[in-house]
Structures are given as C-alpha cells and as structure tokens.
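This report describes the overall build of a protein chain and one part of its surface. Please keep the structure in view while reading.

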Amino acid sequence: QIVATKHSFAAILADESVTTWGDGDYGGDSTSVRHELKDVQRICAADRAFAAIRADETVVTWGDPLAGGNSSQVRHELVTVREVYAAMYAFAAVLANGTVVTWGMPEYGGDSS
C-alpha cells in the first residue's frame, strides 16, 4: 500500500514496516515514530499527516502536529481501532465498539466532543 499527503508518500513494506519520503512537514519524515511503525496493516493520509493502524489495533501518527500528525491527546482512546478516515487536517478512528475518536484541527473535524 502506498498513500500520499499533499507533498509526501508513505508505503507499507513487505515486513509491515513503513518507509516515507517527500516534504517532512507533510509526513515525509517519520524518523520520530520509526520505532513504532511495525506490524502496520493500513495507512490513512490527510493533507499534511499520516495515521497507521498496527496489527495490535493501535494507531501511530506523524506529520504536521496541528493537522493530525500528533494524536497524543487521544492516544489512550486509540485502542481496538478498526478503521481511520481523514479530512483535510483531521482524522477520525472507528473503534471496535462503534465509538469514534477524532483529532487534528477542530474546525476541520478534529474535535467531535
């Protein structure tokens, strides 16, 4: 699988790790989370950030922190993730119990509270 933000790409390799390239401000540099990008099953791309679902049903994010690349405030909720969807500058994750967790720019859907 290869997915793209506005100025970068991410690809899942055969060993389920991830490689990225392109503009670092748009997710092309995943160095800060490389150690977490293992057992990746799917990647979702917004305009400036990526979200990867791992085999353990957790999510790893990187890219522009304001545009969804930083999910630390909801990380404790991102368990049993079944799917992730992207808007321009936000993400929404659907959990196994049907609830939705969002992060990113509030005016683009990153706040569903």
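A residue is called buried under 20% relative accessible area, exposed over 50%, and partly exposed in between (1.4 Å probe, protein chains only). Isoleucine 2 counts as exposed because its relative accessibility is 58%. The model is predicted: local features need pLDDT of at least 70, side-chain atom pairs count only at pLDDT 80 or more, and totals for chains, interfaces and linings use all residues. Residues are numbered from 1 along each chain as its sequence is written, and side-chain values use heavy atoms, with hydrogens and water left out.

Isoleucine 2 lies in strand S1, which covers residues 2-4. Strands are DSSP runs of E with at least two residues, helices are runs of H or I with at least four, and both are numbered from the N terminus. The protein chain contains nine strands and zero helices, so its elements read β-β-β-β-β-β-β-β-β from the N terminus on.

The overall values of the protein chain are listed below.

| Property | Value |
|---|---|
| Box filled by the C-alpha atoms, along the principal axes | roughly 35 × 30 × 20 Å |
| Buried share of the 113 residues | 44% |

The radius of gyration, taken over C-alpha atoms, is compared with a globule rule of 2.2 Å times the number of residues to the power 0.38. For 113 residues a compact globule would have a value near 13 Å, and the 12 Å of the protein chain agrees with this.
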